[in-house]
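Trainee: Could we go through this structure together? I would like to discuss the backbone and the helix packing.

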Amino acid sequence: MIRNIVRAALIAVGLSAGAANAEESFIVVQSTTSTQNSGLLDYILPWFEAETGIDVRVVAVGTGQAIRNAINGDGDVLLVHAKPAEEQFVADGWGIERLDVMYNDFVLVGPKSDPAKVKGGLDVVVALAAVAEAEAPFASRGDDSGTHKAELRLWVAADTDPTGASGTWYRETGSGMGATLNVASGMGAYALTDRATWQSFGNKGNLEVLVEGDPRLFNQYGVILVNPEKHPRVRAAAGQRFIDWLTGPDGQAAIASYKLDGQQLFFPNAK
């Protein structure tokens with residue numbers, strides 16, 4: 001129902017959601033480092049581009065920065081993983097509609113020596129409390145990304161504010177997931193990471209997955225068309241076509257088929 005309204009609105013402003021015009025031969029997607037670093041976008045985008053002739057240019061940053069970029073009009077589509085922030089983006093009028101696309105999960109990684117003794121636990125909140133109690137090194141992205149937002153929610157659940165220990169056992173890198181994992185590997189620190197980036201990360205060193213499987217580690221991704229009424233330069237027709245593909249049978253099948261070392265990294269769940 002809502003998608004039909006969106007298409008009608010696009011047509012009303014002289015655009016066709018069925019095909020991009022000459023000025024819409026490309027779109028800019030503001031997305032997360034996890035979709036790029038995991039290799040997912042490099043894998044699925046050629047299928048969309050071959051089918052439509054629309055080039056997809058990806059800006060891969062943390063979710064918070066991606067949202068700010070979209071608010072500034074520097075993008076046509078938002079593909080990120082922080083649902084409350086995404087819903088606020090739409091509620092504030094910056095986006096047309098938020099749609100589920102896919103999910104995976106976060107994992108808590110750390111050194112094999114495991115000074116906080118959390119390995120094999122199924123409760124990530126208990127594990128984080130143990131890390132804080134032991135004052136064991138923890139590397140945080142500290143960059144307002146979707147992963148950082150998830151990490152902060154888990155610290156709140158653990159009744160702990162690690163930022164008071166910033167610069168001691170708690171290290172905020174202000175960097176992407178790959179760079180933060182490099183820091184964690186170098187200093188033997190714990191870190192929260194999305195599984196896709198972890199699986200594709202090449203510098204694991206002495207790190208391993210210590211806690212996984214907690215329902216609170218669920219990681220949902222959503223996609224939103226930037227509102228052309230806020231930014232008339234938004235390539236709305238081409239952007240909507242990409243969203244329709246991504247949440248439709250072809251895009252969902254492409255997501256499901258992406259594997260690394262035989263492991264599926266993302267699970268489509270568009271409704």
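**Backbone and helix packing**

Mentor: Asp114 lies in the loop between strand S4 (95-111) and helix H6 (124-134). Please bear in mind that this is a predicted model.

Trainee: What is the phi of Asp114?

Mentor: Phi of Asp114 is near 45 degrees, a positive value in a residue other than glycine. Most residues other than glycine have a negative phi.

Trainee: Is Asp114 buried or exposed?

Mentor: Asp114 has a relative accessible area of 6%. Residues under 20% count as buried, so Asp114 is buried.

Trainee: Where is Glu135 found?

Mentor: Glu135 is in the loop between H6 and strand S5 (138-140). Glu135 is not a glycine, yet its phi is positive, at about 50 degrees.

Trainee: And is Glu135 buried or exposed?

Mentor: The relative accessible area of Glu135 is 55%. The cut-off for exposed is over 50%, therefore Glu135 is exposed.

Trainee: Changing topic, how are the axes of helix H4 and helix H5 placed?

Mentor: The axes of H4 (residues 63-71) and H5 (residues 83-91) come within 11 Å and cross at roughly 10 degrees. Angles under 35 degrees count as roughly parallel, so H4 is roughly parallel to H5.

Trainee: Which residues meet there?

Mentor: From H4, Ile67, Ala70 and Ile71 meet Ala85, Glu86 and Phe89 of H5.

Trainee: How many residues of each class does the contact of H4 with H5 have?

Mentor: That contact has five nonpolar residues, one charged residue and no polar residues.

Methods: Residues numbered from 1 in each chain as written. Predicted model: local features only at pLDDT ≥ 70, side-chain atom pairs only at ≥ 80, totals over all residues. Heavy atoms only, no water. Helix = DSSP H or I, 4+ residues; strand = E, 2+ residues; numbered from the N terminus. Buried < 20%, exposed > 50% of the residue type's maximum accessible area, 1.4 Å probe, protein only. Axes fitted to C-alpha atoms, helices over the stretch in contact; angles between N-to-C directions. Parallel < 35°, antiparallel > 145°, perpendicular 65-115°, else oblique. Contact = heavy atoms within 4.5 Å. Nonpolar A, V, L, I, M, F, W, Y, C, P; charged D, E, K, R; others polar.
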